[in-house]
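Good morning, colleagues. Please bring up the sequence and the structure on your screens, and I shall then take you through several of its elements in turn.

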Amino acid sequence: HVIRREDYTPPDWQVPEIALDFALDAAATSVRATLNVVRSSAHDRPLVLDGAGQTPLSVKVDGVAVNDWWLKDGGLVIPLRGSAHVIETEVEIAPERNTQLMGLYASGGNLCTQCEAEGFRRITFFPDRPDVLSVYKVHMVADKARYPVLLANGDPIAQGDLPDGRHWADWHDPFPKPSYLFALVAGDLVANRATFTTMSGRDVALGIWVRAADLAKTEHALAALQTSMAWDERVYGREYDLDVFNIVAVDDFNFGAMENKGLNIFNSRYILADADTATDYDFDAIAAVVAHEYFHNWSGNRITCRDWFQLSLKEGFTVFRDQGFSADQGSAAVKRIEDVRGLRAAQFPEDAGPLAHPIRPDEYQEISNFYTATIYNKGAEVIRMIATILGPQRFRAGTDLYFERFDGTAATCEDFVASMEAASGVDLSQFRLWYSQAGTPRVTASVAHDAGSGRATLTLSQRTPPTPGQLDKQPMVLPLKLKLFGAETAQTLAAEQLVLLDQPSEQIVFEGISERPVLSINRGFSAPVVVETDRSAADLAFLSAHDDDPFARYEAMQQLMLDTLVESAANGTADHRAVIAAIAGTLDDAALDPAFVAEVVLLPSDAFIGDQMARVDPEAIFRAREALRRDVGRSLDTRWRAAYDAAQADSFEYSPAAKGLRRLKTVALGYIAASGAADAAGLAFGQFEAADNMTDRQGALATLVSGDSPERIAALDIFYNRYSDNALVLDKWFQAQALSARDDTLEIVAELSRHRDFTLANPNRARALIGAFSVNQRAFNAADGAGYRFVADQLIALDRLNPQTAAKMIPPLGRWRRFDAARAALMRGELERIVATPGLSKDMFEQASKSLAG
Ligand code: ARG
Ligand code: ZN
């Protein structure tokens, strides 16, 4: 069943108010809902309430029990005569049997909800679509000993005790909201509390709710929340609007976190942190996700989406906002590099594969499948391009206008773009293609220099490859920041300028160019495109040493490495000298931030190398990359050891500078190990044992697990024994082994899938093992198809429990077109087996069938 964007019609009935009455119990929860419904226009259609899995125990209209109703596709249809009625329904649901983790479910003995996108219909009958906005009143009753804390959206109104050990609480959310933002939590939790005073002087009571044992791990998240609230006031003029803001951490969660109004619910991995159990990466991700969900209060909640095709309206914009926040907390250059690396790892392959879709899709079967890197990360890049084209003042005027115009409504991507145009006077008509065309544009750039006339001519052209359902593409608007440097003097020959390439091809002439120019292009990654240039290894090496845009400098090094690795994968050998010299130059440049150095000297991933090749040859890529790593490790051994020693710290500190040193230290350790040095395993094990923080410990473990030393076994055992009662850290233990470069990784992973601590029921654990293995390019793509078979078996099993989480792991199998005929046939075979599985979910069916067809 396909849902199309062009078929949108406004809701037949509005529900201005809803009162919900929960008698909470893990085995059987009763839900009574009272809806004030109002006919939206002069039509005679019945009221249709979405539902999934329940049957009504009773239905009343205006206080009178009725029998004139029926079920259709899980929903409840009630014919009504008048224009306004009060509808009461009662259902019973079983949270502890809810393995999909959508709707009301149990996690770690507590009860919680996840409604986005369509989970509310698993709780009660309701028009479960984002353009129906209601004021919610919630009454909860529960056993007080088991569920001492009762939370819902909005403000707490009253609470009290009942006989027989139960208690109750009432909550009221004054802001009309769609059902996907509904939330409640009942559990045995404690709060880390603080107060935030908003810019207009209102005090907001903040609470981060966790198990008592985890309380000490909430400081970082709480601080990040306060910083986010202040940042949104300062940068976007957005103030928080309720008197309370609560966050609850749960262990079983399908994704990162959820922005429910006033009651965010988080995967505990994005809340809990201390130096002993969380890496720097985890700390950063926690701050970013806390900020992301908080920022949704305006970009998502105050202004929501009219329909799910508009998902990027809130997600792309909110990712752009959280990226800006994170950039302001430390090195903006490193943050940009990380974001682009993520985009290239997840979104570019999606845009080039069978599941490609525009950031505003035209159709879907299951909306859960569209919470993608395209909607989120390419969506953020599209907002970033608007900000680049408009400049900071006009962009801010645009967001101000958008927030003012659409506050309290369910809006569209078009509303956002029109606000930007109205506030800035900039015509974005052609730019709108970014919302409708899928695929990553490819730009070619080449400079011709005539020394006699001092004229340099830059020729740019663009092409967007076909994607499923979109064979012909129009030229896009590509904002390209570029600059010319002198090859001899390293002087600026042409200052940075922003070129808006909106034609299939264009020439730009520079006069007075006295020496041979070197092109620096797409500086700051100003457009999310692939740039192909004819720049030589020498020019790339030059830029990697001299470019004054940190991203462009990183990019030049990446390109130099990629060119070398692709050649080596194709020919079995390549000249490594240019890469080695460029890395040496970077390590020797004392002016550079160690965090930046660590990013720049890392080789591109196997997967990204494969993306540059007409046919992915995983074994050849692995060999080429290992050979280059070994050579870089050996040739620069003294430098790596010097960098390693210089990065030692006396004690743990979480600051941008300390993080950068830790990162560089583990990168250096990796190169020392890659060199084959006899002392490498001992060095890694020493770091593992001496570490006073998880970053160093995990970094050492990641180095050891790819090798074959006795230290590997010892470190895995020590790590397991030390953290066997900490689920989040145990995930790292599973994940490190799934990402290993060893030849026997599949056997190890298969064995781990039978480990007593492995379960598919917990999404974090499933992703740590199965998800990580399926992005281990070499192990997953073993020539005999055993990796594909293993993953398909696991996903078929997972689908029976949790379709959403299973379907998210289909894309690696969908990359078959990129491989040789033998692998492609094996991958297709597994996809066909999945599609033929009896009782397969709609989620899995859509992902697997599209992966076969595309
Ligand atoms: N809105 C949440 C966030 O990005 C994520 C919800 C994901 N929902 C889903 N069905 N995958 O902040
Ligand atoms: Zn979001």
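Predicted model: local features only at pLDDT ≥ 70, side-chain atom pairs only at ≥ 80, totals over all residues.

Let us begin with helix α26, residues 821-835, and helix α27, residues 842-853: their axes approach within 9 Å and cross at roughly 145°. The crossing of α26 and α27 is left-handed. On the α26 side, the contact is made by R828, L831, E832, I834 and V835, and α27 contributes M844, F845, A848, S849, S851 and L852. By class, the residues of this contact comprise 7 nonpolar, 2 polar and 2 charged.

An unreviewed UniProt entry assigns residues 538-853 to the feature "domain: Peptidase M1 alanyl aminopeptidase C-terminal". In the model, that span is 71% helix and 0% strand, and its end C-alpha atoms are 43 Å apart.

I turn now to the sheets. One is an open sheet of 3 strands in the order β28-β27-β30, with antiparallel pairing. Which strands stand at its edges? They are β28 (492-501) and β30 (517-521); each has a single partner strand, so one side of each is left without a neighbour in the sheet. On average, neighbouring strands here are turned by 20° against each other, direction ignored. Strand β27, residues 478-486, pairs with β30 in the antiparallel sense over 5 bridges, and L482 stands opposite I521 in β30.

A further open sheet has 5 strands, ordered β17-β18-β19-β21-β20, and its pairing is mixed. Its edge strands, β17 (190-197) and β20, each pair on one side only. Within this sheet, strand β19 (residues 244-250) and strand β21 (residues 263-267) pair in the parallel sense over 5 bridges; the bridge partner of V250 in β21 is N267. Helix α1, residues 219-236, packs on the sheet and touches β17 and β18 (203-210), and the direction of α1 makes about 25° with that of β17.

Which elements each supply at least two residues of the shell around ligand 1? They are β20 (257-258) and α2 (280-295). The residues surrounding ligand 1 are E116, A117, F255, A257, M258, E259, H292, E293, E315, S368 and Y371. Sorted by class, this shell has 5 nonpolar, 2 polar and 4 charged residues.

With that, I conclude the tour and welcome your questions.

Technical notes:
Residues numbered from 1 in each chain as written. Chains lettered and ligands numbered in written order. UniProt positions renumbered as here; feature names shortened; annotations may be inferred. Helix = DSSP H or I, 4+ residues; strand = E, 2+ residues; numbered from the N terminus. Near = placed C-beta within 6 Å. Nonpolar A, V, L, I, M, F, W, Y, C, P; charged D, E, K, R; others polar. Pairing = 2+ DSSP bridges. Axes fitted to C-alpha atoms, helices over the stretch in contact; angles between N-to-C directions. Left-handed = near helix turned anticlockwise from the far one by under 90°. Contact = placed C-beta atoms within 7 Å.
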